[in-house]
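Open the model in your viewer and keep the selection tool at hand. The tour visits helix pairs and pockets in turn.

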Amino acid sequence: MNNTLLQNRFILSELVKKGIRLKYRHSYLGIVWSLLEPLLTMIVLTIVFGTLMGIKDKTFPVYILAGRLFYGFFSQGTIAALKSIRANSSIIKKVYVPKMLYPLSAVIFNYVIFLISLIVLAAVSVVLHVYPTIYLLQAFLPLAVLFLLTLGVGLVLSTIGVFFRDMEYLWNVILMLIMYTSAIFYMPEKLLQSGWGYILKCNPLYCTIACFRDSIFGRPLEYKLLAYSFCFSIVCILFGWLVFKKNEDKFILNI
């Protein structure tokens, strides 16, 4: 896999650029929308859920935005990977390019956009007086695990999506379940203390979000959560790669 990436890094970079261009092809705001959309969503979620749950913590918008950005990338990255083979069917039928590059580039270009959108989180944090501490240096760990998690799940979905077209609709439903078990717009303390806390801890995306929030709010990481999410990601990548390589020669017959 490493040799494939090194030998085809130029093609990979072009696919990433193409993905970014296509994403904003019909948008007047272009990549600026990747900054405005999470900001507007944060405002709506803060007003709605902050009011419903009676949360008066002034840093609550930062809490919401961190979770929203992580979930947004995971959702968009996995959906893009799921569609990547069929979306590039015309190229696959005409030119030989290692098929692994398509889901990989789909995840990478969404990750680039996600990293740019972190500018909004930094700005909102400063405005709401959530200043960086030494613990912010830990943030690269959950950021790296998030990429691995999205890539692993994306590889699995990219193969399934070729043979089972309805997976796109089913995955949207599953994403909704993942969103509600990721504690994006609610505080998880009461749920964690109840008998249902395992639901959150079994969700690797929640574990990654929780660790990222720890680094932002100046707390040491819960390394057990991060280790679980990392291991889950590696298993997904290995399984996804094996399934992908086993079935990639059949793709041409099903796209």
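**Stop 1: α11 and α12**

Select α11 and α12: their crossing is left-handed. The model is a predicted one. Show the axes of α11 and helix α12 (residues 223–247), which come within 8 Å and cross at roughly 135°. That angle makes α11 oblique to α12.

Now bring up the side chains. From α11, pick Pro204, Cys207, Thr208, Ala210 and Cys211. They meet Leu225, Leu226, Tyr228, Ser229 and Phe232 of α12. Colour this contact by class: eight residues are nonpolar, two are polar and none is charged.

**Stop 2: the second largest pocket**

Keep α11 on screen. Which element gives the largest share of the lining of the second largest pocket? It is α11, with four residues. Go to Tyr63, Pro188, Glu189, Asp214 and Arg219, the lining residues nearest the pocket's centre. In total, 16 residues line the second largest pocket. Two elements to highlight are α9 (189–193) and α11 (204–216), each giving two or more residues to this lining.

The volume of the second largest pocket is about 270 Å³. Colour its lining by class to find eight nonpolar, one polar and seven charged residues.

**Stop 3: α3 and α4**

Next, select helix α3 (residues 33–52) together with α4. The two pack at an angle of about 125°, and their axes are 9 Å apart. α3 and α4 are therefore oblique to each other. Their crossing is right-handed.

For the contact, show Glu37, Pro38, Thr41, Met42, Leu45, Thr46, Phe49 and Gly50 in α3. Across from them, in α4, show Phe60, Pro61, Ile64, Leu65, Arg68 and Leu69, which they meet. By class, the contact of α3 with α4 holds nine nonpolar, three polar and two charged residues.

**Stop 4: the largest pocket**

Stay with α4. This helix supplies six residues to the lining of the largest pocket, the largest share. Where is the centre of the largest pocket? Centre the view on Gly19, Leu22, Ala87, Asn88 and Phe109, which lie nearest to it among the 17 lining residues. Then highlight α2 (9–23), α4 (60–87) and α6 (101–127), the elements that give two or more residues to the lining.

The largest pocket has a volume of about 330 Å³. Finish by colouring its lining: eight residues are nonpolar, six are polar and three are charged.

Notes: Residues numbered from 1 in each chain as written. Predicted model: local features only at pLDDT ≥ 70, side-chain atom pairs only at ≥ 80, totals over all residues. Heavy atoms only, no water. 1 Å grid on protein atoms, 1.4 Å probe; cavity = no way out; pocket = protein on both sides within 12 Å on 5 of 7 lines; lining within 4 Å. Points joined across faces, edges and corners; volume = space filled by probe spheres on them. Nonpolar A, V, L, I, M, F, W, Y, C, P; charged D, E, K, R; others polar. Axes fitted to C-alpha atoms, helices over the stretch in contact; angles between N-to-C directions. Parallel < 35°, antiparallel > 145°, perpendicular 65-115°, else oblique. Left-handed = near helix turned anticlockwise from the far one by under 90°. Contact = heavy atoms within 4.5 Å.
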